[in-house]
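Visitor: Hey, can you walk me through this one? I'd like to start with a helix.
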Amino acid sequence: MTYSIVARDPETGELGVAVQSHWFSVGSVVSWAEPAVGAVATQSIAEPAYGPRLLERLAAGARPRDALESLLAEDGGAGYRQVAVVDAAGEVAVHTGEGCIPEAGHMEGGGFSAQANMMRSAGVWPAIAETFATVEGSLARRLLTSLDAGEAAGGDVRGRQSAALLVVPAVGEPWRRAVDLRVEDHPEPLAELRRLLRLREAYDLATEADDLVGEGRHAEAGECYRRGSELVPDNVELRFWAGLALAAAGDVSGGAARVSEAIEASPGWQELLGRLAPEVAPGADSVRAALGIERRR
């Protein structure tokens, strides 16, 4: 009993699924995706097996409609299921059983499907679909904004409790994830999911910065750390590493100031600063000198 959307981004090839419900840990049941294969939402008296089984059949070459219909034919409870699937080419198939609790239905679009059951109004899934078709941004943000529209249209008749957002890259090993976030139990799951997505984006920039440091591109790394830190200004960890990157890029005073702020927030960062070798953090020596901290060997 929930509402969700599955989609493929035609520009990046990413595949994703987003969901919200008044049910604990909805993401552990509903959302499934695999790079270069597809994304699935299985809900309404949910049978989680539809997730891995549909992905397995898509990976073997089946088309979404054929794969879904063959599984429904084997399921005695098919009349109570709601299942949607999109494959790596953007082909969609969706089923809303006649036994799904009203208001229930789905709406397909180009490379996506929005579906819902036990809703406050029949406007929920059209609002999700219409929003996704027009909103811009990354696939993760488009999915989340579409869920916001579903909530604004009435959402789950019982209220809200949990939400999840899963996005996988166009290619890669089955375990690869671009975004994998869950809010298991919260009074405002979508707001919390949005906060976590912003944090995910900040740490993605930090990861990019780490890679740039490894290549000796310290100025570019510092810019990535700066952008990540600005996304989540209260995050001490990103402030610390941004400071070291700034120092490595030549702004020792600015970098030391950021590191000092992190140390003031938690003395453990001073302990860590003393342990860092120049090979790991090229700006560490200059920041230690600026702050009067000795290296631990």
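Predicted model: local features only at pLDDT ≥ 70, side-chain atom pairs only at ≥ 80, totals over all residues.

Visitor: OK, and how many of the 14 residues of α5 are buried?
Guide: Ten of them, so α5 is largely enclosed by the rest of the structure. Among the buried ones are Leu139, Ala140, Leu143 and Leu147, but also Arg142 and Glu151.

Visitor: What do those buried residues pack against?
Guide: Strands β1, β2, β9 and β10, plus helices α4 and α6.

Visitor: And what follows α5?
Guide: Glycine 154, with a positive phi near 135°.

Visitor: Switching to cores: which residues have the most contacts inside the largest nonpolar one?
Guide: Tyr3, Ile5, Leu143 and Leu165, in a core of 28 residues. At least two residues of this core come from each of β1, β8, α4, α5, β9, β10 and α6. Apart from it there's another core of 16 residues, including Val30 and Ala164.

Visitor: What does leucine 165 touch?
Guide: Leaving out residues up to four places away in sequence, its contacts include Ala140, Leu143, Val179, Leu193 and Leu197. Asp180 is one of them too.

Visitor: New topic: how do β5 and β6 run, and how many bridges join them?
Guide: They run antiparallel, with five bridges. Alanine 84 stands opposite valine 94 in β6.

Visitor: Which residue in that hairpin takes a positive phi?
Guide: Glycine 90, near 90°; the hairpin has four residues between the strands.

Visitor: Is β6 mostly covered or mostly open?
Guide: Mostly covered, with four of its five residues buried.

Key
Residues numbered from 1 in each chain as written. Heavy atoms only, no water. Buried < 20%, exposed > 50% of the residue type's maximum accessible area, 1.4 Å probe, protein only. Contact = heavy atoms within 4.5 Å. Pairing = 2+ DSSP bridges. Core = buried A, V, L, I, M, F, W, Y, C linked by side-chain atoms within 4.5 Å.
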